[in-house]
Amino acid sequence: RGKGLSAAIPVAVILGLLKDREKQQNTIETAIEKINLRLIEMFDYKVTSTASAVTLHANGDIFLYNAGGPGWFIANQEGMDTLLIRNNPLGINKFCRLNYLKTILQPNSNLFTFSDGYIESSRNIKALERKIRQSKDKFSNDAQFIHNMLKDLENDDYTDDQTLLSITAL
């Protein structure tokens with residue numbers, strides 16, 4: 001669990017690398033691979049980072065990427081589906097190949113991922129799944145609904161940044 005300066009330095013490096021990759025118009029895959037190599041080079045396998053990314057295409061295709069995070073989820077009136085995309089965090093293996101999943105998002109659905117500042121364990125992800133399924137009468141396909149569901153499950157003894165990336169299909 002990175003906090004304070006020990007976490008801020010690698011985050012600053014990653015943000016700088018992302019900006020550089022954007023200028024070079026790299027693909028997501030290339031950008032993440034280069035960031036992974038740079039983390040290893042700069043921090044000698046002592047710093048790792050999770051990463052989640054998404055690309056949206058005009059034809060409706062969505063490509064989801066995950067490196068060491070909880071994965072991606074789709075919530076709708078019926079409940080929640082977990083989209084498993086297994087991969088190590090960045091900074092562990094210099095031969096990192098980012099796995100991805102192609103999907104589409106149905107109307108009235110919410111595609112989301114989140115940082116471990118909300119919940120950490122797979123047991124809590126199962127609890128989130130149950131909570132969303134039980135709330136189907138009150139379901140709202142917006143980020144605030146997902147945020148509230150996650151906040152209800154958080155551990156009061158654990159504080160870390162809470163980042164939610166949410167995409168809503170209308």
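**Figure 1. Salt bridge between K46 and D44 in the predicted model.** K46 is exposed, with a relative accessible area of 66%. The structure shown is a predicted model. The partner of K46 in a salt bridge is D44, and their closest N and O atoms are 3.3 Å apart. D44 has a relative accessible area of 47% and is therefore partly exposed, since the exposed class begins only over 50%. In the structure as a whole, 6 salt bridges are present. Side chains of opposite charge can pair when their charged atoms come close.

Figure 2. Two salt bridges are shown here, one of them between E129 and R133, with 3.7 Å between the closest N and O atoms. Both residues belong to helix α3, and because they are 4 residues apart, about one helical turn separates them. E129 is buried at a relative accessible area of 16%, whereas R133 is partly exposed at 41%. K131 forms a salt bridge with D152, for which the closest N and O atoms are 3.4 Å apart. K131 lies in helix α3 and D152 in helix α4 (residues 143-153), so this pair ties together parts of the chain that are 21 residues apart in sequence. K131 is partly exposed, with a relative accessible area of 23%; D152, at 52%, counts as exposed.

**Figure 3. Tilted aromatic pair of F63 and Y100.** A search of the whole structure gives 7 aromatic pairs. In the pair of F63 and Y100, the ring centres are 5.6 Å apart and the planes stand at 50°, so the pair is classed as tilted. F63 lies in strand β2 (residues 62-67) and Y100 in strand β5 (residues 100-103), and the pair thus links distant parts of the chain, 37 residues apart. F63 is buried, with a relative accessible area of 18%, while Y100 is partly exposed at 46%.

Figure 4. The rings of F73 and F114 are stacked, with 5.5 Å from centre to centre and 15° between the planes. This pair also links distant parts of the chain: F73 belongs to strand β3 (residues 72-76) and F114 to strand β6 (residues 109-114), 41 residues apart.

Figure 5. A67 is found in strand β2 and is buried, with a relative accessible area of 0%. With residues up to four places away in sequence left out, A67 touches S49, T50, A51, N87, N88, P89, L90 and L98. The C-alpha atoms of A67 and C96 are separated by 9.2 Å, although these residues are 29 apart along the chain.

**Figure 6. The largest pocket.** Rolling a probe the size of a water molecule over the atoms shows where empty space is left. The volume of the largest pocket is about 1,200 Å³. Its lining consists of 33 residues, and those nearest the centre of the pocket are S49, T50, A51, S115 and D161. Two or more lining residues are contributed by each of α1 (4-23), α2 (28-43), β1 (51-56), β6 and β7 (164-169). Helix α1 supplies the largest share of this lining, 7 residues. In terms of residue class, the lining of the largest pocket comprises 17 nonpolar, 11 polar and 5 charged residues. Three of the residues nearest the centre, S49, T50 and A51, are also among those that A67 touches.

**Figure 7. The second largest pocket.** The second largest pocket holds about 270 Å³ of space. Among the 15 residues of its lining, P70, L84, R86, S122 and I125 are the closest to the centre. Helix α3 (residues 122-134) makes the greatest contribution to this lining, with 4 residues. By class, the lining of the second largest pocket divides into 4 nonpolar, 7 polar and 4 charged residues. Helix α3 is also the helix in which E129 and R133 lie.

Key. Residues are numbered from 1 along each chain as its sequence is written. This is a predicted model: local features need pLDDT of at least 70, side-chain atom pairs count only at pLDDT 80 or more; totals for chains, interfaces and linings use all residues. Side-chain values use heavy atoms; hydrogens and water are left out. Rings of Phe, Tyr and Trp (its six-membered ring) pair if their centres lie within 6.5 Å; planes under 30 degrees apart count as stacked, over 60 as edge-to-face and the rest as tilted. Buried means under 20% relative accessible area, exposed over 50%, partly exposed in between (1.4 Å probe, protein chains only). On a 1 Å grid over the protein atoms alone, a cavity is a set of points where a 1.4 Å probe fits but cannot get out, and a pocket is an open set with protein on both sides within 12 Å along at least five of seven lines; lining residues have an atom within 4 Å of a point. Grid points are joined across faces, edges and corners, and a volume is the space filled by probe spheres set on the points. Ala, Val, Leu, Ile, Met, Phe, Trp, Tyr, Cys and Pro count as nonpolar, Asp, Glu, Lys and Arg as charged, and the others, Gly among them, as polar. Contact means heavy atoms within 4.5 Å. A salt bridge is a side-chain nitrogen of Lys or Arg within 4 Å of a carboxyl oxygen of Asp or Glu.
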